[in-house]
Amino acid sequence: MTWLVGFLFAVAILVPGAAVASPILGNYPDTSLSLSTDTTVTPDAAPVDTNGINVSTSTDFKGTLVADRVTGVLRVTDAHPAGTYTVTVTAFDRNGATASKTLTLTITTPVTCLPVSFASAVNYTTGSFPQSVAVGDFNGDGKQDLAVADVGSDVVAILLGDGAGNFNRYPRLFLAGDNAQFLAVGDFNGDGKQDLAVANRDAGTVSILLGKARGNFGLPAHFTGNLAPQSVAVGDFNGDSKQDLAVVQNSAPGSVSILLGDGRGKFGRPTNFSAGSNSGEIAVGDFNRDGKQDLAITSIFPNGLEILLGDGTGKFSAPTTLPTDFPDSVSVGDFNGDGKQDLVAANYGAPGTVSILLGDGAGNFSPATNITVDNYPNAVAVGDFNGDGKQDLAVANSTGRDNNASILLGDGTGNFGPPVSFRVGDYPGFIAVGDFNGDGTQDLAVANGSSDDVSILLRDCSAQ
């Protein structure tokens, strides 16, 4: 009888489709860190039978989370905004079995720093006509780096940071696609290295650049993005714990394409949902608090923000339009502190405005309240620049004469003070928030299209 048991055990191992052990993850300790800073979280045991790991949390979180599939170490980059988050680490084996662990990640408010001031911008050359910039840690050294999409040279420029606020003067260039318009950071193959998704407007594709050691990237893999991809965002739209892409088409009629990821760095064919014509940027949220990811998209026709509610299977509702004034950029925040997601749009015009739309947590929003900024605002980001625990705004304005980044301080009730502006390069088109010198206060990176550079503005508390 012993020989029969042994024989059956051997068959269970050798026969395809036989039951196998699920992956195993260690436990992760709860962790706290300062706003926009970085950390690593080490589990009490390395993963077992794990082919890939995905890390997720609520759509309120705007930093980057990845975990190494060999060691299980969780890397947190540019953690913001302040708050307490439940983070889920999910391991996959080759057969699709999963195991998950959770931890609590607390991001603390920075020290109060008034008045709001930044050191003079330091400009770093990129490729031709940089259109967007994202913060990451691409060489895994715990210091924040930048990735820049260069429309004019069809490349992604990587600027490695030294942790003291400086970046390498000669960027590393990696081929993307024709008219590399916009990029987003993710971990699409679950190996714990940060990857890039690049929307290539003229090529009609999204390029996936998988991260390698020491800040390098592999050759791009191109996936159909339909007509004219304008921007791209990372989410999990079908709830399988694998990262997907939402790609906005700058076309008429407009659409947003959903490309579902397989967790191994590849994506399926796009499924298209109606959106406004000549759409621009996209933001991922959970506007009705059902735990399923939704989308906010800027639109010119109709003129406003388009809201598409997700059903958690990768499908979205018909869009609902929230009127604004020719929006060019959109971000998600909580500007009145009620725990419900709000929206801010940068409205491209002269005079320029930003629109504040307060959410009710059921997927509806208040009529837009417009706040005047400088001429031709191209981009808006959310931060806490004075350390009072209330969300503020940073706006990139391409005024045509005194191009600048404006800071608008929030009062925590949904209102904002007048803009205070700081000079940047020529034709700023995108703005990102990080902590590039590790001092616990938020800094700015601004992509400047006409001067072919990125401006770094380090928060200056010396006047306090």
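Thr 205 is in contact (heavy atoms within 4.5 Å) with Val 198, Ala 199, Asn 200, His 222, Phe 223, Gly 225 and Pro 229, when its neighbours within four places in sequence are left aside. The residue belongs to strand E15, which covers residues 205-209; helices (H or I, at least four residues) and strands (E, at least two) are DSSP runs, numbered from the N terminus. With a relative accessibility of 15%, Thr 205 is classed as buried, where buried denotes under 20% relative accessible area, exposed over 50%, and partly exposed the range in between (1.4 Å probe, protein chains only). The model is predicted, and local features need pLDDT of at least 70, side-chain atom pairs count only at pLDDT 80 or more, and totals for chains, interfaces and linings use all residues. Residues are numbered from 1 along each chain as its sequence is written, and side-chain values use heavy atoms, with hydrogens and water left out.

The rings of Phe 188 and Phe 267 are edge-to-face, because their centres are 5.5 Å apart and their planes stand at 75°. This pair links distant parts of the chain, 79 residues apart, with Phe 188 in the loop between strand E13 (180-186) and strand E14 (195-200), and Phe 267 in the loop between strand E19 (254-259) and strand E20 (271-275). Phe 188 and Phe 267 are both buried. The rings of Phe 223 and Phe 267, with centres 5.7 Å apart and planes at 80°, likewise form an edge-to-face pair. Since Phe 223 lies in strand E16 (residues 221-224) and Phe 267 in the loop between E19 and E20, the pair ties together parts that are 44 residues apart in sequence; Phe 223 is buried, as is Phe 267. Elsewhere, ring pairs join Phe 118, Phe 385 and Phe 422 into a cluster.

Residues up to four places away in sequence not being counted, Thr 320 touches Leu 305, Glu 306 and Ile 307, while its C-alpha atom is separated by 9.0 Å from that of Leu 309, 11 residues apart along the chain. Asp 240, in the loop between strand E17 (229-235) and strand E18 (244-249), counts as partly exposed at 26% relative accessibility. Leaving aside neighbours within four places in sequence, Asp 240 is in contact with Phe 92 and Gly 261; Asp 240 and Leu 219, 21 residues apart in sequence, are 27 Å apart in space, C-alpha to C-alpha.

Buried residues account for 55% of the 464 residues.

How values were computed
Rings of Phe, Tyr and Trp (its six-membered ring) pair if their centres lie within 6.5 Å; planes under 30 degrees apart count as stacked, over 60 as edge-to-face and the rest as tilted.
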